[in-house]
Amino acid sequence: ATFSGPTTINCSVEGELFVKGDLTIGGDAVVKARVAAERVTVAGRVVGDVEAEVAIRLLSSAAVSGNI
């Protein structure tokens, strides 16, 4: 899926996430996907690679299994 502008995910998602803007993965989210955005903040669980043009922020509740 491709989104434009600030995007927040608070559910389960599988596949690919591309965001032209900031992406927040909420604390209740389970994302099994390749993720790419300008800035990524992770509070939930990600299984897959995470890419950011500017910055990646992992909160204390974050769990990432993949390349950053």
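Reader: Is E51 buried, partly exposed or exposed?
Author: In this predicted model, E51 has a relative accessible area of 37%. A residue is buried under 20% and exposed over 50%, with partly exposed in between. Because 37% falls between these cut-offs, E51 is partly exposed.

Reader: With which residue does E51 form a salt bridge?
Author: The test for a salt bridge asks for a side-chain nitrogen of Lys or Arg within 4 Å of a carboxyl oxygen of Asp or Glu. The closest N and O atoms of the pair in question are 3.1 Å apart. The partner of E51 in this salt bridge is R34.

Reader: How many residues apart in sequence are the parts that E51 and R34 tie together?
Author: The salt bridge joins E51 to R34, and R34 is itself partly exposed, at 35% relative accessibility. E51 lies in strand β7 (residues 50-58), while R34 lies in strand β5. The pair therefore ties together parts whose separation in sequence, in residues, is 17.

Reader: How many salt bridges does the count come to?
Author: One of them is the pair E51 and R34. The side chains of D22 and R39 also meet in a salt bridge, at 3.3 Å from N to O. The count of salt bridges comes to 2.

Reader: In which strand does R39, the partner of D22, lie?
Author: D22 is partly exposed at 32% relative accessibility, and R39 is partly exposed with a relative accessible area of 38%. D22 lies in strand β4, so the pair ties together parts that are 17 residues apart in sequence. The strand that holds R39 is β5.

Reader: Which element gives the largest share of the largest nonpolar core?
Author: This core has 15 residues, and those that touch the most other members are I9, L23, I25, V31, V35 and V46. The elements that give two or more residues to the core are β3 (12-20), β4 (22-25) and β5 (30-42). The largest share, 6 residues, comes from β5.

Reader: Why might such residues be found together in the interior?
Author: The members of a nonpolar core are, by definition, buried residues joined through side-chain atoms within 4.5 Å. In soluble globular proteins, nonpolar side chains tend to be buried together.

Reader: What is the bridge partner of T8 in β4?
Author: On the other hand, β4 also pairs with β2. The strands β2 and β4 run parallel and are joined by 3 bridges. The partner of T8 in β4 is T24.

Reader: Which backbone oxygen does the side chain of T7 reach?
Author: T7 is found in strand β2 (residues 7-9), and is buried, with a relative accessible area of 11%. Leaving aside neighbours within four places in sequence, T7 is in contact with V19, D22, L23 and T24. At 3.1 Å, the side chain of T7 reaches the backbone oxygen of G5.

Reader: What distance separates the C-alpha atoms of G27 and R45?
Author: G27 has its place in the loop between β4 and β5, and is exposed, with a relative accessible area of 53%. Leaving aside neighbours within four places in sequence, G27 is in contact with N10, A43 and G44. G27 and R45 are 18 residues apart along the chain, and their C-alpha atoms are separated by 7.5 Å.

Reader: What is the radius of gyration of the chain?
Author: The chain has 0 helices and 8 strands, and 35% of its 68 residues are buried. The C-alpha atoms fill a box of roughly 25 × 20 × 20 Å along the principal axes. A compact globule with 68 residues would have a radius of gyration near 11 Å, which agrees with the value for the chain, 10 Å.

Methods:
Residues numbered from 1 in each chain as written. Predicted model: local features only at pLDDT ≥ 70, side-chain atom pairs only at ≥ 80, totals over all residues. Heavy atoms only, no water. Helix = DSSP H or I, 4+ residues; strand = E, 2+ residues; numbered from the N terminus. Buried < 20%, exposed > 50% of the residue type's maximum accessible area, 1.4 Å probe, protein only. Polar contact = N/O pair within 3.5 Å; in protein donor to acceptor, adjacent residues only side chain to side chain. Contact = heavy atoms within 4.5 Å. Pairing = 2+ DSSP bridges. Rg over C-alpha atoms; globule rule 2.2 N^0.38 Å.
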